[in-house]
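Here is a short report on one protein model. It starts with the whole chain and then turns to two local features.

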Amino acid sequence: MMIPLPVFRLFLVLGALLLAGTPSRAQNIVVMVNGDPITDFDIEQRSKLDQLTTQKTPARQEVINTLIDERVKLKEGKKYGVDPGVSDINQSYEGMAQRMRISPDQLTKSLEVKGVRPETLKSRMKAEMVWTSLVRGRFKEKLLVGEKDVAQAVQAQTGDKLQIEGTEYKMQPIVLIVPRGSSQAFLETRHKEAEQYRSRIGSCEEANSLFRSTPNATIRDIVTKTTAELPEALRKVLDDTPIGHLTAPEMTKAGIEMVVLCSRKPTMIDTPKKREVREKMYQEKYEKTQKTYLEELRKAAMIEYRNR
């Protein structure tokens, strides 16, 4: 099909204008990573983002290395089927905005004011999501922190008792619904019903079977609590309640409440110091593992610098 000369000239003019409006340096390819280009524009954008988040001006080569790492991580992610979609990235972006107590649009505007495209931040977020999922998924067993190691580290640091014995309780709250404004006679009737249920129930299975089909009553999901998480009065009640039986009925705002005790067994309770040490040990293992993993991937990657 022949294009009329005036229209053809218009295409040429528009093309020239578009090219003129795009800085040639921005499209200059600096590095090819497994066939994926990193341009001056990519480097400029990431430099601005890093400066915005760290309040420091990063070295150009440092930024290039970061972008190379991300290209390598994303390729490895695709190899194992770890490839977050647009909706996943947008959800993470919105979550960041919420933590900053602003809307996603406000976050976008604050970036644009500093000359940063939101896609630059989203690209970094995607790489972080992929890498975290890869490392934790592929090296799950290697990253496990043994309780014995944690206990020894705590003892070495503080001399604290390695473990504190306690009790773990598994229970299900039950509520016999009492409408607001009910008469005293109705309350007494419901209370008698509760006592009758107590005499009938001998296991969590029986409680679930009964209360899931009983009108104006509800049984909630199993709750697991340890000695450290319960007040002393409630611990005493649970310790005195036979396994599978109901605690004495109590009147609350929700109605007449009881608890069916599903299990009670000895356990070792975490202390804040143990949790702190465990998290630190896990993070140290994670950092060491991910560093070795990334070094191996970079060695195997095709990285070609251009116009350095």
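Accessible areas come from the Shrake-Rupley method with a 1.4 Å probe; for residues, only the protein chains shown count as cover. The accessible surface of this protein comes to about 19,900 Å². Carbon and sulfur atoms hold 53% of that surface.

This is a predicted model, in which local features need pLDDT of at least 70, side-chain atom pairs count only at pLDDT 80 or more, and totals for chains, interfaces and linings use all residues. Residues are numbered from 1 along each chain as its sequence is written, and side-chain values use heavy atoms, with hydrogens and water left out.

**Whole protein**

The protein has 11 helices and 8 strands. These are DSSP runs, numbered from the N terminus: helices are H or I of at least four residues, strands E of at least two. Of the 308 residues, 34% are buried. Buried means under 20% relative accessible area, exposed over 50%, and partly exposed in between (1.4 Å probe, protein chains only).

**Helix α8**

Which residues of α8 are buried, and which are exposed?

| State in α8 | Residues |
|---|---|
| Buried | Arg190, Ala194, Tyr197 |
| Exposed, on the other side | Gln184, Lys192, Gln196, Ser199 |

Seen down the axis of α8, the buried residues fall within an arc of 60°, so they line one face of the helix. The arc is that of the directions from the helix axis to the C-beta atoms.

**Strands β1 and β2**

Strand β1 (residues 29-33) pairs with strand β2 (residues 36-39) in the antiparallel sense, over 4 bridges. Pairing requires at least two DSSP bridges between two strands. Isoleucine 29 stands opposite threonine 39 in β2. The two strands form a hairpin with 2 residues between them. In the turn, asparagine 34 has a positive phi of about 50°.
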